[in-house]
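Subject: Handover of a two-chain model

Dear colleague,

Please find the structure below, followed by a summary of what was found in it.

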Amino acid sequence: MEQSYESAVGTIQRILGLYFVKCLKGGKMSDSDSDDWSEEWIPYSERNEWADIVPIPQDDGEHPIVAIAYSPKFREVFDYFRAVLAHREKSQRALELTADALRLNPANYTVWQYRRDILRALESDLYEELDYLDEVIRDNAKNYQVWHHRRVIVEMLNDSSKELELTEVALERDNKNYHAWQHRQWAIKTFDLFENELSFVDRLIAEDIRNNSAWNQRFFVLKHFGFTSDVVQREIQYTMNRIRVVKNNESAWNYLGGILKYEDNGTGNCHQEVLSFCEELYTSGVRSPYLLAFLIDLYRDQCLQQSNVTESDVLSRKVFNLCNDMSKKYDIVRRKYWQYIAEQFKENLAEK
Amino acid sequence: MLRIGAGSFVCTKKMYMQARQVQKLSKVIWQNIRRQTVDCKEMLERCVVKIRQKTENSIEKCFSRFQQMQYLDPKVKKIHREDHQRYLESMLRRLPLHYECLDSSRPWNVYWILQAAHLLNFTFDDETLEHVVEFLIKCRHPNGGFAGGPGQYPHLAPTYAAVNSLCLIGTSNAYRAIDRESLMQFLFSVREPDGSFRLHVDGETDVRGAYCAISCAKLTNMPEEVIKKLFDKTGDWIARCQTYEGGFGGAPDLEAHGGYTFCGIAALALLDEGHKCDIEQLLKWNLQRQMPFEGGFQGRTNKLVDGCYSFWVGATIPITQAFISQKSGSMKKSLFDTSALQEYILVCCQKANGGLIDKPGKPQDLYHTCYTLSGVSIAQHSESSLNPQVLGDPANELLPTHPLFNVPPRAVARSLAHFELLNDNFKDFRNPSSCQLDTGGNQYKNDCEKSSIESYMEVEGVVSATEEEEAQISSVSSSISN
């Protein structure tokens, strides 16, 4: 009872949280429209508090190349930014100016860098900076600079309590966002947040079984805890079950191959189980190129370890037949590769 | 009285009833959510299939339109040279408003245009190129390295773009504009103790940083002593970025990705440390990126096709094959389907008004124009220099590109030769204090431990310095394997 009360409240909070975020996201779309802030926009040249600053125009030289047709606002904001940078002014108004500049071009790493210098000099409240970043990241989730800035601020605060939620929200929008995964991995590694990551990954794989980023994250988590034989056994079952659902899913096949290779004791017991699984699929008529490629690997390794000549012949014939099928029927785009694999194998056999 | 939860919270009966109500309510919501989740999952699965279907459909439309048109015009499978040239020429002068987001990548815009122009075999007049050099000098930082625009901080990515651009131009003014001495200082300033590189001081670290730094150092032929010091442990760090799938991620543990994979393997190749990664697994992963239906490459497992990976993945394949050749004899054929890739770019990625694209339905941009054409060039020249594998009209043949730097092979040779002369004087100039090098003897031209790749480069350098016009560039795969 106690458990369920807590988990129910947790669930509601989580749902409300996500709902709230989604509302914000929905509302944000129109907000971030560049025209939206121009109505109340007062040029810096007309602001009294900036009267002491002489803007510095961009020096493109006499013969500008790849000259961008800047909007007047863009030009002015950066003219003022250049002036502030030249004076090394670190003030509240300079901080606000960087926000305007970053709104116009969030990829300007110089502005971000200078913003960090200002934050350090003013000893600003970095939690406010995190709130600001929540918004900026929401609008620019595929930008190197915003995520890097976030990382530096989190490092300065030494507080990673909001990072899992932040990246979760970003991954809700785009479950393969490379930057979000990168930030998440960094936070998990730096602040040892591995504990619940496997269930998070489980959920994402359940939502989209082809999400390769989630499979990669699964590997990352397990590598941390170590590939003991129990873990390998469990992961092989997990992956085989998912291949049964979607047979032509490269992510799952690659993961299976990765797990087998990283197996700690290297006894190869698991290979037998995987081999039976693959043969079962093959017999039932599945001809996914990933399955066939996997069988080629397994038969090839077995054959090269086999000392019995008859057994070895059976296996090698299988390899050659499968390579042939791949290059002629099931994986034509990679026909030259499968011919190469067959040739390599022939050489390996001769050396054996 | 009841205690709920783990805290010392004491609860009255009324509160208990309220809690029960919340619980009931939450149960209803929970069931609702569960149902919705199932619906969502189905919807998502349908969405995933739909998105892929949509891409395939739009590409099928391109292909079938092409199939009809080829009977009317046998030359329909053509590179629209004039359109692309017009597009590039207008962009070199002036970029439209929506390029504001690339205001910190202006040397990139220059590089994409110059490299695409080279591939299409046209050049800009000398005066324009001189203006390009002047502009890039404006982007150069007083402390070394190049910035995304005048007055910005130096950054490795625009530094790479600027150095490549200046070597593409290849005049003595252009080489001087690189200012190798301060460039060297900048490279040391972004190096981390573990051998990785930040993109700028206090910036992010990933494998792009290592590649850009190595490419700049190698292309400007920095002395062996500097290279050794600058890239100590870098190869090991890069090798750690290879994943269980076989490709490289942006940093250790990240997902394998076409762009980072190119950076990783090209960097290892330039350092001659390819043996530090699993080459066979890398080869397989790269080849798996070619989409059976589209013919183009995807950047990651289970993602959509994108024209730019024609280069990132396309160039990685001959580099990887060159390593295998080194180890176990020659490998004559390029193992990916070079025709299918060219067909995808020619039929699906050309915009009617010039420029090339990611996939049908997308707008053209300089980045995709550069890397789709670079990919076509790789596909054409990676098998043999004498018999380029050109799809369609023979006039579709593009000029070759060097797969490790993505600039013309001759530009590489000339740059190496030019900076080799500087190395002769290297012992005379005072070392930057940050380098802390042993400048004892004349060891910079230490020939005994040159890699095959380096020796190829040196040979090229000598050849081009003496018989510039005759210098024939051998095929890309043999060029890095010989």
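**Overall figures for the chains**

Chain B has an accessible surface of about 20000 Å², and carbon and sulfur atoms account for 52% of that area. Accessible areas come from the Shrake-Rupley method with a 1.4 Å probe, and for residues only the protein chains shown count as cover. Please note that this is a predicted model, in which local features need pLDDT of at least 70, side-chain atom pairs count only at pLDDT 80 or more, and totals for chains, interfaces and linings use all residues. Residues are numbered from 1 along each chain as its sequence is written, chains are lettered from A and ligands numbered from 1 in the order in which they are written, and side-chain values use heavy atoms, with hydrogens and water left out.

The secondary structure of chain B consists of 18 helices and 3 strands; helices (H or I, at least four residues) and strands (E, at least two) are DSSP runs, numbered from the N terminus. Of its 482 residues, 59% are buried, where buried means under 20% relative accessible area, exposed over 50%, and partly exposed in between (1.4 Å probe, protein chains only). Among contacts in chain B between residues at least 6 apart in sequence, 69% link residues at least 24 apart; contact means heavy atoms within 4.5 Å.

Chain A contains 16 helices and 1 strand. For contacts in chain A with a separation of 6 or more, residues 24 or more positions apart account for 65%.

Two packed helices are described by the angle between their axes and the distance between the axes. Axes are lines fitted to C-alpha atoms, for helices over the stretch in contact, and angles run from 0 to 180 degrees between N-to-C directions.

Helices H5 (residues 156-169) and H8 (residues 207-219) of chain B pack with axes 9 Å apart, at an angle of about 30 degrees. H5(B) is therefore roughly parallel to H8(B); angles under 35 degrees count as roughly parallel, over 145 as roughly antiparallel, 65 to 115 as roughly perpendicular and the rest as oblique. The crossing of H5(B) and H8(B) is left-handed, a term used if the near helix is turned anticlockwise from the far one by less than a right angle, with right-handed used if clockwise. On the H5(B) side the contact includes B:Leu156, B:Tyr160 and B:Val163, and on the H8(B) side it includes B:Tyr211, B:Cys212 and B:Leu219. By class, the contact of H5(B) with H8(B) has 10 nonpolar, 4 polar and no charged residues. Here Ala, Val, Leu, Ile, Met, Phe, Trp, Tyr, Cys and Pro count as nonpolar, Asp, Glu, Lys and Arg as charged, and the others, Gly among them, as polar.

Helices H13 (residues 309-328) and H15 (residues 366-381) of chain B have axes that come within 8 Å and cross at roughly 30 degrees. H13(B) and H15(B) are therefore roughly parallel to each other, and their crossing is left-handed. Among the residues that meet are B:Phe311, B:Trp312 and B:Pro318 in H13(B) and B:Tyr367, B:Tyr371 and B:Ile378 in H15(B). This contact of H13(B) with H15(B) has 7 nonpolar, 5 polar and no charged residues.

The axes of helices H11 (residues 258-271) and H12 (residues 279-288) of chain B come within 12 Å and cross at roughly 145 degrees. H11(B) and H12(B) also form a left-handed crossing. H11(B) contributes B:Gly258, B:Thr261 and B:Ile265, while H12(B) contributes B:Ile279, B:Leu282, B:Trp285 and B:Asn286. The contact of H11(B) with H12(B) has 4 nonpolar, 3 polar and no charged residues.

**Individual residues in chain A**

A:Leu85 lies in helix H2 (residues 72-87) of chain A and is buried at 10% relative accessibility. Leaving aside residues up to four places away in sequence, A:Leu85 touches A:Thr110 and A:Tyr114, as well as B:Gly151 and B:Tyr153.

A:Ser316 is in helix H15 (residues 309-330) of chain A. A:Ser316 is buried, at a relative accessible area of 9%, and beyond its neighbours within four places in sequence it is in contact with A:Cys303, A:Phe345 and A:Leu349.

A:Ile53 is in the loop between helix H1 (2-31) and strand E1 (67-68) of chain A, and is buried at 7% relative accessible area.

Yours sincerely
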